[in-house]
Amino acid sequence: MKRLIQGGTVVDEWGEYRQDLLIENERIASREEHISADEETEIIDASGCLVMPGGIDVHTHFNIDVGLARSCDDFYSGTRAAACGGTTTIIDHMGFGPQGCSLHHQLALYHEYAAGKAVIDYSFHGVIQHIDEEILSEMASMVTQEGISSFKIYLTYQYKLDDAAILQAFAELKRVGALITVHPENDAAIRSRVEQFVREGKTAAIWHARSRPIACEAEAISRVIHLAQLAGNAPLYIVHLSNGPGLDALRCARRQGQPVWVETCPQYLLLDESSYEQPDALKFILSPPLREKAQQALLWEGICDGSIDTVATDHCTFPWSQRLLLSDGNFTRCPNGLPGVENRMALLFSTGVATGLVTPSRFVALTSSNPAKLFGLWPQKGSLQVGADADIVLFAPHKTGIIRHESLHDNVDYSPYEGMALRGLPVMTISRGEIVWRNGLFTGRAGHGRFLHRLPFTTRDMT
């Protein structure tokens, strides 16, 4: 079926245009000021709407087993929620596998998780749990044969890497054309503080935040930047930035010509440490934790001045009821993570575009085109160029709403954004030409989503 989107304002990362878009064979077939339709073409009236590339969320955790529990959103419910929020592609961070497992072990497992379930297109980030000659030798085939051109390294948790292993990994990943994503927190400092607080009986949710202060994150960011430099300026991407000092370190590295990029998440832009003083504080346990309110302004500066490259979610869902049962009020036993994949686009539009802080084009760059370029999907994704996949979201910029979890499409039992007012909502999501969300109704289907074989990392598209 051919579809013609007429009457809207087309927005890409470069500007806004009064144009029509013709969709045929899952791709954008034409983009002109006026396109005539034949009788076989479905007309989509986009009057009053912004027509933008579908969102790309490069940081989700679907079906992840964290030891304490498994997240309640799988690749069906998670991608369904994403589609209903205007996102047409996700890249999921694979969880840890058995001790000593290969890189391909987790990839095979995640292919099983997603196949036949995903509503929208998807890919995975590789996960590196340890370094030895076998792991190093696998990296090239993961990139060139499997299409996995980004890998995650942790500086905390059970499978954190030490500096020697990081240097080895960075050098090889750079050689094979991969982008290195890092969860940066100082593990030793966190462990010491947690042990102290537990001894002192300080186990309420607020002590989770105080066990992982800004210095733990900022120090790790600075350290990993220098390690990447020592490894020959290996390309580096910092996930879920929550604070200004860490952003300053990244700015400094860029001024020195280092290839570094950074993501933040809506929770760090909109929520703050006061959430841990509420009766339902355990709902907000995640790592890094929510920060004091002053940090939000510093992150918004990075959004506005271009220092922050992407906005993702780190969507990782554990029900409120499960958190209460497992933790019994002790933050050390509460699984970490927040939902958010459905609300990302609307939250950033409402607080960024609708308030005049960012332009619609900057919104597209943060939510779609920059992620596509960094993670080997451009110009197939994140683009409205002729020949690109017809992944499109129609935003009604003046449409208002209130976030109520009962209206969302994930499998968790709460939203951290409950009651927030929104201005600017996605009214249609199109995935490779198929309408998967339309005026409040999910119309997608399990199995429509395809695995994306991503291109090796290059800085070419970022200039």
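**View 1. The second largest pocket and its lining.** Strands β16 (392-402) and β17 (421-431) each supply at least two residues of the lining of the second largest pocket in this predicted model. The pocket is lined by 21 residues, and those nearest its centre are Glu 342, Leu 408, Leu 422, Leu 425 and Trp 437. Sorted by class, the lining holds ten nonpolar, eight polar and three charged residues. The space inside comes to about 380 Å³.

**View 2. The largest pocket and its lining.** Here the space is about 940 Å³. Of the 36 lining residues, Val 66, Tyr 157, Arg 212, Ser 287 and Asn 336 are the closest to the centre. At least two lining residues come from each of β11 (150-154), α5 and α6 (206-211), and α5 gives the largest share, with four. The lining of this pocket has 16 nonpolar, 14 polar and six charged residues.

**View 3. Helix α7 and its neighbours.** Take a look along residues 214-230: at 1.5 Å a residue, these 17 residues should span 24 Å, and the end C-alpha atoms are 25 Å apart, which agrees. Among the buried residues of α7 are Ile 214, Cys 216, Glu 217, Ile 221 and Val 224. The buried residues of α7 pack against α4 (163-176), β12 (179-183), α5 (187-199), β13 (236-241), α8 (244-255) and α10 (294-305). Just after the helix, Gly 232 has a positive phi of about 85 degrees.

**View 4. The β4-β5 hairpin.** Strands β4 (residues 20-24) and β5 (residues 27-32) pair in the antiparallel sense over five bridges. Leu 22 has Ser 30 of β5 as its bridge partner. Two residues separate the strands, and Asn 25 in the turn takes a positive phi of about 55 degrees.

Methods. Residues numbered from 1 in each chain as written. Predicted model: local features only at pLDDT ≥ 70, side-chain atom pairs only at ≥ 80, totals over all residues. Heavy atoms only, no water. Expected span 1.5 Å × (residues − 1). Buried < 20%, exposed > 50% of the residue type's maximum accessible area, 1.4 Å probe, protein only. Contact = heavy atoms within 4.5 Å. Pairing = 2+ DSSP bridges. 1 Å grid on protein atoms, 1.4 Å probe; cavity = no way out; pocket = protein on both sides within 12 Å on 5 of 7 lines; lining within 4 Å. Points joined across faces, edges and corners; volume = space filled by probe spheres on them. Nonpolar A, V, L, I, M, F, W, Y, C, P; charged D, E, K, R; others polar.
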